[in-house]
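Student: I'd like to go through this one with you. Can we start with whatever terms I need and then work through it?

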Amino acid sequence: MGYVAVKGGRDAIVASQARLTYERLAEGRVLDVADVRAGLRGAIDQVMSEASLYDEDVAALALKQAEGSPEEAVFLLRAFRSTLPRLHHTRTADTRPMHVERRISATFKDVPGGQLLGASYDYVHRLLDPDLRFETDADARAWLARWRAEAEAAASAVGTPEGGDAEAGEGPDGASDALPKVLDYLRTEGLMEARADDDRAPGDVTKAALSFPAGRSRRLQVLTRGQTGVVTALGYASLRGFGPMLHPTVGELRVGRQPLSVPDPDAVADQIDDPEEDHYLGTVRLTEVETVVPVAVSAAGPQDAERTALGFDLGYGACFGRNETKAIAMSLLDQTLEHPDPRAPTHDEEFVLLHVDAVEASGFISHLKLPHYVTFQSELDAVRRTRAAALGGAGDADDAGVAGDAPDAPTDGEGTP
Amino acid sequence: MSVDANFAFLDEGSKREIRRAALKAVAIPGYQVPFASREMPIARGWGTGGLQLTLALIGRDDVLKVIDQGSDESVNAVNIKALVQATTGVATCEDTGEATLVQSRHRIPERPLRRNQILVLQVPIPEPLRRVEPRESVTKRLHAEADYAGAYLQLFERIVRHGDASAGADHPVRVDGRYVMAPSPVPRFDNPKLHRAEALVLLGAGREKKIYAVPPHTDVASLAFDDHPFRVEDVAGRACAACGATGVFLDEVEGDDGTATFLCNDTAECRARRVGAAPSGGGP
C-alpha cells in the first residue's frame, strides 16, 4: 500500500521533527550562537547577502538552527524577513566615504590612497592547521593582547597620523576613510564613459514581481540576493567564453563599513530633501567591486565610420559582508546583462535573473519530494490510452489509424549496435 | 525576534498588497496578475502562492480546510494548516461543507462549493504557454494579443503524435472567452468544476509571483477541437473499494497481491460517505 503511506501525516511529521532534533543534539553538545557569530563569519556574510537581511545575530541563530546549511539558513532568514514591515528606504549611498578595511586594484599597481590588503584568504596557503583543534578561548585572548600591544608600539613609533593625507586618514584599526575611487582616474582620462548618477528611486524586487526588461536597479538587486554558488558559476561561465566577452579586470575591490542613513520621515512628508535632517543608522560591512571590461566602442571619428576603437565598460557588484568572489562574479554579470545577446545565456536577462535565487531554486527542486500521485495518475491514464492505441485495437474511433509513437520514446541512434 | 507578532504571519502591508492583486485578478478573469510574492517559511514551490492568499484573506471567523492531492492528512496539507492555525488560531475542518476557505494542491473537492466559500489553489506553473515559449516577456505579449495559436498547436501535436488531445493534468482552459489559463495542475477531471462555479476560485503561484482568479458564475472552457473534444480521465467501471462511490476521481492503489484497487482521492468525502452523512458524489 505504498501510495497511502503519506496519509496519517500528523504522527509521521511529529516523529520526523523529533528525529531532526535528535540528530542535531545527538553528540550531547550544543553550539553557542555567540560562537557561531564569532567563528563562522564567512557563513554569516554569505547568508546575510543571500537573504538580503543585515543582522549578524539573527544570521548566527539561523546558521545554528540550520546546522550550518547555508541553503536552510537563508530560507529561515527570508521567511523571518517576511514578518518585518518595511518602513523606510535608506538614502542612496555614495561609497567614497566608506570606512575601508581592504581595498585592492588589479588595474593599477599604484592607486591614489594605496592598496590595502586587509583580511583575506588570498594570501595564505590553504593548508589545514591541525593546531586549531587545540585552540582555546585563553589562546585567543593572549593573541589579541599581543596584537594590540604591537599595534600601539607601531603607532607610537610612527606618531599619530595627523600630518598625513587629510582625505584618507588611517584609523587605529588600519582602515582608511574617504579613499578616492580608482575608476575615477580612468574617467578623467576619458577612457571610460563618465555617466551621471542615476538617483531615481530604484525598483524593489521584494515588493514587486520582476518584469522584463528588468532595468539595472532590479538586476543588481537580484544578483546581490543570488545564491553565491550560482552567481559565481554564471560569472565563471561568462569569463570562460560562453558569451562574446573579453578579459575583464578588477578595477577596484573594497571591503569596509558603509555608513547608511534614512531621510527624516517628516521631511519626506513635507517633500523636503535635506541630507542634514537624515537619521544615521550605523554601518553595514560591504564588498564592492568595479570591474573594467574592454569593449569595442563606436567609430573613432566621423572621417572613418568603419573603424571601431576600444574602450572600457563598467561592471558593478556589491553585496553584504566580505564576499569577494560573488561580488566579482556579480560585476561580470552586470556587464553582460547590459549587453543582451541571445546566443549566450549569461547575456540573457531572463535566464540569469530567474535562476540565481537560492530560495526559489531549492524550493522548487525540493518540491519533487512531495507526493504527485494525482497528476501522475492523470499521466498514467494518458500513457496507457496512447499505448493501447499504438499497439492496435484498443483505441477508440478518434484514435483509429493514428500511428502514435510512445511519448518521448528513445529512438535508436545511428551508432547503436 | 517576534515571528508570532502578526496575525496571519505577514505584516498588514503585505496582506493588503496581496488582496489588491486578488481583487484585480477577480476583475480580469484568467489574467495573471503579478504580485510581490514574499518568502514564506515553507519552500517556494510547496504552495507559497496559495498560502499567501490564504493568509491575506483569512479572518478570525473563518473555518479553514487544507488538502493536498485530495487528502487533509497529506504532509503538506498538515504543515500548511498547522502554520495558518499557529499564526491565526482559526478553526480548521476536514468536512468541505464546513469550510469557509479551502486551500488545495491539485484537487477541487468532489462536493460542489457554495457561494460563500473560497477555493485557493496552489499553482507551480501559472503560465499556460510556458511549454510553447520560455520567455515571460513573449508570453505576456501573446496573452495581450490573445494569440493562443501555440496552445492549440500543442494540443494538435499531441493528436498527431499520440492520437489524443488531452494534456494530462493542467489542461489549459479559456476563461470568460478571453484569457487562456492554467487551471493549476488539477486533473482534467476537475476542469469542468470550474465552469460557472458558485464559489470564487483564486489561484496563487508564489515562486512565479502571479495571482489569477475565476470569479463565480464565469464560463470556463477546456481547450479542444470540434473533432477531438475535451475528455476527462476515464473513471467508468471503477468504484471506491472503501465507500463504493463511482464517478469520482480515484487513486490507484497497488495491493499486496499486485492487483490494483481504487480508493476515493477526496478522503473527506469518502469518510463522509462511509458514515452516511454526505450528499452523493459530485463528479461531472
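Tutor: One term to begin with: a residue is called buried when its relative accessible area is under 20%, and exposed when that area is over 50%. Also keep in mind that this is a predicted model.

Student: Then A:Arg103 and A:Glu252, buried or exposed?

Tutor: Both A:Arg103 and A:Glu252 are buried. They form a salt bridge with each other, and the closest N and O atoms are 3.0 Å apart. The pair links distant parts of the chain, since A:Arg103 sits in strand β1 (residues 99-104) of chain A and A:Glu252 in strand β3 (residues 249-262) of chain A, 149 residues apart.

Student: What does A:Glu290 pair with?

Tutor: A:Glu290 meets A:Lys181 in a salt bridge, at 3.6 Å from N to O. A:Glu290 is in strand β4 (residues 279-301) of chain A, while A:Lys181 is in the loop between β2 (176-177) and α7 (182-189) of chain A, so the bridge ties together parts that are 109 residues apart in sequence. A:Glu290 and A:Lys181 are both buried.

Student: How many salt bridges over all chains?

Tutor: The structure holds 45 salt bridges over all chains. Some are joined up: A:Arg37, A:Arg41, A:Glu56 and A:Asp57 are linked in a network.

Student: And what is the count between chain A and chain B?

Tutor: Seven salt bridges are counted between chain A and chain B. One of them is between the side chains of A:Arg78 and B:Glu39, at 2.3 Å from N to O. In another salt bridge, B:Glu252 meets A:Arg384 at 3.2 Å, N to O. B:Glu252 belongs to strand β11 (residues 250-254) of chain B and A:Arg384 to helix α14 (residues 373-390) of chain A, so this pair joins two chains.

Student: Give me the overview of chain A. How many helices and strands?

Tutor: Chain A has 14 helices and five strands. Of its 417 residues, 37% are buried. Among contacts in chain A with a separation of 6 or more, 67% are between residues 24 or more positions apart. The chain exposes about 24,800 Å², with carbon and sulfur atoms supplying 56% of it.

Student: Which residues form a nonpolar patch on the surface?

Tutor: A:Trp143, A:Leu144 and A:Trp147 form one, with about 350 Å² of accessible area together. A:Trp147 is in helix α6 (residues 137-158) of chain A. A:Trp147 counts as exposed because its relative accessibility is 51%.

Student: Now the nonpolar cores. Which residues touch the most other members in the largest one?

Tutor: That core has 44 residues, and B:Leu51, B:Leu55, B:Ile58 and B:Ile211 touch the most other members. Another core, of 22 residues, lies apart from it and includes B:Leu119, B:Val173, B:Val186 and B:Tyr212. As for B:Leu55, not counting residues up to four places away in sequence, its contacts include B:Phe9, B:Leu10, B:Met40 and B:Val84.

Student: Last one: where is B:Thr96?

Tutor: B:Thr96 is in the loop between β3 (91-92) and β4 (101-105) of chain B. Its relative accessible area is 1%, so B:Thr96 is buried. Not counting residues up to four places away in sequence, B:Thr96 touches B:Lys65, B:Pro109, B:Arg111, B:Leu113, B:Gln117 and B:Glu269.

Note on methods: Residues are numbered from 1 along each chain as its sequence is written. Chains are lettered from A and ligands numbered from 1 in the order in which they are written. This is a predicted model: local features need pLDDT of at least 70, side-chain atom pairs count only at pLDDT 80 or more; totals for chains, interfaces and linings use all residues. Side-chain values use heavy atoms; hydrogens and water are left out. A nonpolar core is a set of buried Ala, Val, Leu, Ile, Met, Phe, Trp, Tyr and Cys residues joined through side-chain atoms within 4.5 Å. Buried means under 20% relative accessible area, exposed over 50%, partly exposed in between (1.4 Å probe, protein chains only). Contact means heavy atoms within 4.5 Å. Patches are made of residues with over 30% relative accessible area and no salt bridge: like charges are joined within 9 Å, nonpolar side chains (Val, Leu, Ile, Met, Phe, Trp, Tyr) within 5 Å. Accessible areas come from the Shrake-Rupley method with a 1.4 Å probe; for residues, only the protein chains shown count as cover. A salt bridge is a side-chain nitrogen of Lys or Arg within 4 Å of a carboxyl oxygen of Asp or Glu. Helices (H or I, at least four residues) and strands (E, at least two) are DSSP runs, numbered from the N terminus.
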